[in-house]
Number of protein chains: 2
Amino acid sequence: MDTLAMDTIESIGYPVFFEDSLTELARFIERGKYTRFFVLTDDQTGEYCLPVLQPYLGENAQYDLIEVPSGEQNKTIDFCIGIWQMLIDFGADRNSLLINLGGGVITDMGGFAASTYKRGIDFVHVPTTLLSQVDASVGGKTGIDLSSVKNIVGTFAQPQAVFMDHRFLTSLPPRQILSGLAEMLKHGLICDAEYWNELKISDLTKPSAGLVYQSVAIKNQIVLEDPKEKGIRKALNFGHTIGHAVEAYSLEHDGAKHLTHGEAIAIGMICESWLSFKKNGLSEQELNEIVAVLTNLYPQHEIKSSCHADLLQLMQKDKKNNGTQINCTLLNKIGECSIDHICTEEELSDSLHYYASLY
Amino acid sequence: MDTLAMDTIESIGYPVFFEDSLTELARFIERGKYTRFFVLTDDQTGEYCLPVLQPYLGENAQYDLIEVPSGEQNKTIDFCIGIWQMLIDFGADRNSLLINLGGGVITDMGGFAASTYKRGIDFVHVPTTLLSQVDASVGGKTGIDLSSVKNIVGTFAQPQAVFMDHRFLTSLPPRQILSGLAEMLKHGLICDAEYWNELKISDLTKPSAGLVYQSVAIKNQIVLEDPKEKGIRKALNFGHTIGHAVEAYSLEHDGAKHLTHGEAIAIGMICESWLSFKKNGLSEQELNEIVAVLTNLYPQHEIKSSCHADLLQLMQKDKKNNGTQINCTLLNKIGECSIDHICTEEELSDSLHYYASLY
């Protein structure tokens with residue numbers, strides 16, 4: 001599949017560039033629509049990725065740099081206020097462009113800050129992690145966390161364009177690769193068995209550009225069908241009802257050793273695959289196949305029974321739910337899923353016990 | 001004009017009810033689309049207006065109350081975070097409805113909080129001040145202030161409906177009436193000389209329901225033509241380039257004695273009428289007519305020359321401007337205006353001197 005032509009993907013009114021994408025960014029800037037340029041990044045990305053980007057920004061794009069500390073725990077309203085404040089101080093007007101260079105924290109928070117500054121200025125994404133390339137690059141969701149609730153505040157807002165460059169992935173540490181890989185595996189599980197099978201036999205320590213491209217194409221197809229998540233887009237929530245709660249809990253309690261997004265989602269996918277087996281006709285054989293792949297890739301994480309009550313409370317606060325009912329997307333088989341399955345607290349707790357029994 | 005039939009006004013995809021509007025609200029709630037109801041209000045409105053609203057909410061609409069302190073200085077991100085936090089704590093899901101009961105602070109901030117909570121829940125407005133009835137009720141702008149910059153963070157988001165009840169206005173103190181009146185006078189000045197002439201001969205201490213209705217109709221027509229303020233909608237900014245700066249400065253420096261929005265906009269309209277006379281062909285006679293009406297209604301406010309530099313800086317930060325140029329909407333005659341007039345710092349400063357010379 002690496003010989004696949006990676007044509008530009010048309011998402012909700014904007015292009016996602018894969019080939020020579022930074023040259024495309026340079027062209028986009030040269031078109032001269034903007035009066036001012038701002039690059040939002042984090043300290044780590046600023047060090048490793050900004051030097052790659054810089055030559056493409058060209059002489060016409062004098063930019064101001066806005067830097068936040070790296071880390072999922074910083075996707076907060078406080079740092080968002082800092083971004084708005086710097087845009088004010090730098091004198092950003094409505095014809096300014098915000099270039100979000102970084103992982104999901106930068107693209108989610110930068111997208112939210114831009115979509116609300118002066119009631120919305122233009123922004124583009126240059127995603128630099130595997131996770132942000134396969135997840136945050138399409139879909140038009142922006143957001144920040146509040147009180148340990150993931151993405152509870154945000155907007156639906158589309159970037160003007162997304163620029164994907166595989167070079168950024170080569171320097172990523174293995175844990176960061178694994179974090180993005182969880183979403184790629186999810187894309188296979190929910191709607192493309194062939195892609196899942198291809199992932200299984202690939203070297204997943206270094207996902208090829210072609211595999212990344214296919215993952216974005218799958219997500220984009222779902223998003224185009226249901227941009228505001230009224231129905232089928234909820235398929236993308238597979239693994240996330242439980243995964244988001246596990247992630248939020250870990251961010252709050254595990255300090256610097258907290259789980260990555262993908263590690264949490266891998267746990268969520270194991271639990272929700274078990275629920276799929278119990279409630280939605282997923283065969284035991286396919287459950288075992290999914291579990292084998294995921295437990296092989298992701299190290300065990302201890303979830304004590306004493307945490308279940310807190311996790312269930314986080315699931316209830318999840319924005320995916322109506323009232324106090326907890327909803328999951330469940331598989332019926334590998335490559336097929338159905339949405340809006342109400343799960344009881346007992347079932348969810350049992351699925352966490354199942355996870356704990358695996359390692 | 002008080003015999004005018006006050007038909008429901010269709011704004012950007014939503015109705016603005018005038019006749020029996022709270023009964024319409026009761027019907028809206030009864031339709032049963034929502035799982036949860038939240039009323040956002042301030043302490044004063046809660047005391048005076050909530051008892052009027054309550055009987056219409058009906059038995060089917062058990063609601064949770066979110067209250068913020070009254071006052072323009074509280075339209076901040078801190079109180080907005082408080083609203084998001086209470087929505088989380090009350091377990092508000094995506095099918096919740098936020099009912100914004102109050103003046104512009106409540107409708108602007110409540111609209112912003114709702115349009116970003118879980119990436120957007122539905123909201124309706126029940127505006128209880130003259131200003132919020134004639135200004136915030138149509139247009140779909142939401143916002144909060146940051147660092148003394150008015151409405152610098154916000155969204156374009158439409159309520160599901162707006163419910164106007166003239167009863168709320170009867171208990172307003174005279175300064176609150178004057179605050180809304182400035183926007184009504186503006187609507188006449190920018191595009192309806194007949195309405196301006198009608199206002200001149202009316203008892204403006206108690207604007208009739210018919211005058212309020214006409215004002216909303218005028219604003220609505222402009223907004224429908226240009227929802228995202230790319231062009232003609234900027235007409236509504238007349239008086240606001242200077243007025244917003246004067247208001248922000250006063251909010252920061254005058255403590256409890258700060259200007260109301262309308263008082264500041266009246267100052268802005270006097271200054272910008274003078275600029276219209278100097279730069280845009282407004283006749284001296286019409287300038288004098290405008291000034292006579294405004295100085296007769298609004299008491300003098302001292303603006304020292306030593307504040308001009310700060311005011312100019314606030315104007316530059318105003319979201320209406322591109323780069324460092326300061327833009328004004330100027331009249332060519334009463335009932336007609338044109339947008340995007342760049343004014344120099346000297347001209348703006350001179351207009352403030354003109355204002356100071358009047359009383």
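1. UniProt, in an unreviewed entry, puts the feature "domain: 3-dehydroquinate synthase N-terminal" at residues 66-177 of chain A. UniProt positions follow the numbering used here, feature names are shortened, and annotations may be inferred rather than shown by experiment. In the model, that span is 37% helix and 23% strand, and its end C-alpha atoms sit 25 Å apart.

2. Some housekeeping: this is a predicted model, where local features need pLDDT of at least 70 and side-chain atom pairs count only at pLDDT 80 or more, while totals for chains, interfaces and linings use all residues. Residues are numbered from 1 along each chain as its sequence is written, chains are lettered from A and ligands numbered from 1 in the order in which they are written, and side-chain values use heavy atoms, with hydrogens and water left out.

3. How do the two copies relate?

4. Now the helices, which are DSSP runs (H or I, at least four residues) numbered from the N terminus. In chain A, α1 (residues 21-30) and α3 (residues 50-57) have axes that come within 8 Å and cross at roughly 45 degrees; axes are lines fitted to C-alpha atoms over the stretch in contact, and angles run from 0 to 180 degrees between N-to-C directions. From α1(A), L22(A), T23(A), L25(A), A26(A) and I29(A) meet V52(A), L53(A), Y56(A) and L57(A) of α3(A). The contact residues divide into 8 nonpolar, 1 polar and no charged.

5. Also in chain A, α11 (residues 240-253) and α12 (residues 261-279) pack at about 140 degrees, with axes 7 Å apart. That makes α11(A) oblique to α12(A). Among the residues in the contact are H240(A) and V246(A) of α11(A), and C271(A) and L275(A) of α12(A). By class, this contact has 7 nonpolar, 6 polar and 2 charged residues.

6. Over in chain B, α14 (residues 308-317) and α15 (residues 345-356) pack at an angle of about 125 degrees, their axes 11 Å apart. The contact includes L311(B) and M315(B) of α14(B), plus L348(B) and L352(B) of α15(B). Its residues split into 5 nonpolar, 4 polar and 1 charged.

Key
Helices (H or I, at least four residues) and strands (E, at least two) are DSSP runs, numbered from the N terminus. Contact means heavy atoms within 4.5 Å. Ala, Val, Leu, Ile, Met, Phe, Trp, Tyr, Cys and Pro count as nonpolar, Asp, Glu, Lys and Arg as charged, and the others, Gly among them, as polar. Angles under 35 degrees count as roughly parallel, over 145 as roughly antiparallel, 65 to 115 as roughly perpendicular and the rest as oblique.
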